[in-house]
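Here is a short report on the fold of one protein chain.

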Amino acid sequence: MTNLAPYVRILGRGPGRSRSLTQEEAFEAFSLVLSGDCAPESVGALLMLMRFRGENSAEIAGCVQALRARVSGWETVPVSLDWPTYAAGRTRGLPYFLLAAKLVAQTGETVLLHGWNSHQNPLASAREQLAPLGIKTVTTPQQAIGALSTGGVAYAPLKSSRLKPLGF
């Protein structure tokens, strides 16, 4: 089993001694997580501490770098904005971010939303609002390229059978 203890230690040293991960550290940590060789408890500790502290831009960028390095084919998708949508569902209100993504796409930029959003209130479910807003759900890079070329925005559910090898 791969050891995430150095990264957990950085995040959880206690008041005044802990800090956020650098982008390089986040890349290394998430590369280990995505390898599938980490104990579930260590992955849980890492994610819980990041959530408790509040993820910062360097940590998110490192995570995205690790995902991009691991997922073949998706690096060819022409995306202007790579938009993760994983936030806690019970505390989130209506999914206005979908409207924001549509507005960005109307400016000529391409937006790829990705996440799972499985635990949201049905009244505020992002997945329930995709079709009414004309946002296509895609599971392959080819589908994403097609949807982005016609609508400018697409949603890739992480729990797709195509993405399951990532270990999520």
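**Overall layout**

This is a predicted model. The chain holds seven helices and four strands. Along the sequence, they follow the pattern α-α-α-α-β-α-β-α-β-α-β. The chain has 168 residues, and buried residues make up 38% of them. Among contacts with a separation of 6 or more, 71% involve residues 24 or more positions apart.

**The sheet**

The four strands form an open sheet. Their order is β1-β2-β4-β3, and the pairing is parallel. Which strands stand at the edges? They are β1 and β3 (136–137), each with a single partner strand, so one side of each is left without a neighbour in the sheet.

Strands of a sheet pair through backbone hydrogen bonds, either parallel or antiparallel. Here, β1 (residues 81–85) pairs with β2 in the parallel sense over five bridges. Leu81 has Val111 of β2 as its bridge partner. Leu112 stands opposite Ala154 in β4.

How much of β2 is buried? Five of the five residues of β2 (residues 111–115) are buried, so the strand is largely enclosed by the rest of the structure. In a regular strand the side chains alternate between the two faces of the sheet. Both faces of β2 are covered. Val111, Leu113 and Gly115 are buried on one side. Leu112 and His114 are buried on the other.

Helix α5 (residues 96–106) lies across β1, β2 and β4. The helix runs at about 155° to β2.

**Packing around helix α2**

Two packed helices are described by the angle between their axes and the distance between the axes. Helix α2 (residues 23–34) has two such partners to consider, α3 (residues 40–53) and α4 (residues 57–70). The table sets out the geometry.

| Helix pair | Axes come within | Crossing angle |
|---|---|---|
| α2 and α3 | 11 Å | roughly 140° |
| α2 and α4 | 7 Å | roughly 45° |

Take α3 first. At roughly 140°, α2 and α3 are therefore oblique to each other. Their crossing is left-handed. From α2, the contact draws on Ala29, Phe30 and Val33. From α3 come Val43, Leu46, Leu47 and Met50. By class, this contact has seven nonpolar, no polar and no charged residues.

Now α4. At roughly 45°, α2 and α4 are therefore also oblique to each other. What is the hand of this crossing, left or right? α2 passes α4 in a right-handed crossing. The α2 residues in the contact are Gln23, Ala26, Phe27, Phe30, Ser31 and Leu34. In α4 they meet a list of residues that includes Ala58, Glu59, Ala61, Gly62 and Cys63. Further along α4, the list goes on with Gln65, Ala66, Leu67, Ala69 and Arg70. This contact has ten nonpolar, four polar and two charged residues.

Phe30 of α2 takes part in both contacts, with α3 and with α4.

**Two single residues**

Ser42 is found in helix α3. Is this residue buried or exposed? At 16% relative accessibility, Ser42 counts as buried. Leaving aside neighbours within four places in sequence, Ser42 is in contact with Leu4 and Val8.

Ile145 lies in helix α7 (residues 141–151). Its relative accessibility is 34%, so Ile145 counts as partly exposed. Which residues does Ile145 touch, not counting those up to four places away in sequence? They are Thr76, Val77 and Pro78. Ile145 and Val77 are 68 residues apart in sequence. In space, their C-alpha atoms are 5.7 Å apart.

Terms used: Residues numbered from 1 in each chain as written. Predicted model: local features only at pLDDT ≥ 70, side-chain atom pairs only at ≥ 80, totals over all residues. Heavy atoms only, no water. Axes fitted to C-alpha atoms, helices over the stretch in contact; angles between N-to-C directions. Parallel < 35°, antiparallel > 145°, perpendicular 65-115°, else oblique. Left-handed = near helix turned anticlockwise from the far one by under 90°. Contact = heavy atoms within 4.5 Å. Nonpolar A, V, L, I, M, F, W, Y, C, P; charged D, E, K, R; others polar. Buried < 20%, exposed > 50% of the residue type's maximum accessible area, 1.4 Å probe, protein only. Pairing = 2+ DSSP bridges.
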